[in-house]
Amino acid sequence: MARWTGEWLSAPRLGAEEPPRWRGERLGLPEQGVGAVAGGGARLLGLVVDLVAASLLTSLFVHPDLQDTAAMQSYNLWAVAVWAIITVVPVSFFGFTPGMFVTGIRVARLDGAGMVGVPRAIVRAALTFLIIPAAIRNADGRSWLDRLTGTVVIRMR
């Protein structure tokens with residue numbers, strides 16, 4: 001079972017290394033402060049801020065009409081497209097979305113490169129859209145999408 005689900009469901013092994021004392025210790029990140037692994041609350045709040053921002057931006061161009069199903073479907077599709085844009089573009093070049101900026105967190109590459117890059121940002125956005133890969137995290141506080149893209153979400157302040 002462990003080879004299908006990865007390390008988060010694997011049974012403890014005899015002689016295995018001891019668990020980390022804090023999230024990010026094995027990655028060489030500090031326990032607290034700038035550069036420490038961001039908590040789940042800040043990540044969730046950042047996502048909510050991004051979703052609200054996407055909805056408000058969409059409302060400037062597409063009028064939401066709760067009584068008209070077709071209009072709401074169109075509005076929702078445009079809102080998802082706007083969310084994708086405000087997620088992929090800033091993360092690619094700056095390492096954070098507007099919501100991440102508000103909550104004081106950012107995406108950093110483990111290899112030390114300055115920019116996350118477009119391919120990694122697209123994969124992160126697609127997996128965040130699916131929710132589950134972003135919600136399941138390992139002992140280092142990294143989600144499936146972080147592990148797949150070689151990134152970690154850290155605190156900026």
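This tour moves through a predicted model, from a helix to a pair of strands and then to annotated segments.

Residues are numbered from 1 along each chain as its sequence is written, and side-chain values use heavy atoms, with hydrogens and water left out. Because the model is predicted, local features need pLDDT of at least 70 and side-chain atom pairs count only at pLDDT 80 or more, whereas totals for chains, interfaces and linings use all residues.

Select residues 69–93, which form helix H3 (helices, H or I of at least four residues, and strands, E of at least two, are DSSP runs numbered from the N terminus). H3 has 25 residues and reaches 37 Å from its first C-alpha to its last, close to the 36 Å expected at 1.5 Å a residue (the expected span being 1.5 Å times one less than the number of residues). At its start, a side-chain oxygen of Asp 68 reaches to within 3.3 Å of the backbone nitrogen of Ala 70, and just after H3, Gly 95 takes a positive phi of about 90°.

Next, colour the buried residues of H3, among them Tyr 75, Trp 83 and Ile 86 (buried means under 20% relative accessible area with a 1.4 Å probe, protein chains only). The buried residues of H3 pack against helices H2 (40–61), H4 (98–103) and H5 (118–129), and against strand S1.

Move to S1 (residues 105–109), which runs antiparallel to S2 and is joined to S2 by 5 bridges; Val 107 has Val 153 as its bridge partner in S2.

Finally, select residues 75–101, listed by UniProt in an unreviewed entry under "transmembrane region"; this stretch is 85% helix and 0% strand.

Technical notes. Pairing = 2+ DSSP bridges. Buried < 20%, exposed > 50% of the residue type's maximum accessible area, 1.4 Å probe, protein only. Contact = heavy atoms within 4.5 Å. Polar contact = N/O pair within 3.5 Å; in protein donor to acceptor, adjacent residues only side chain to side chain. UniProt positions renumbered as here; feature names shortened; annotations may be inferred.
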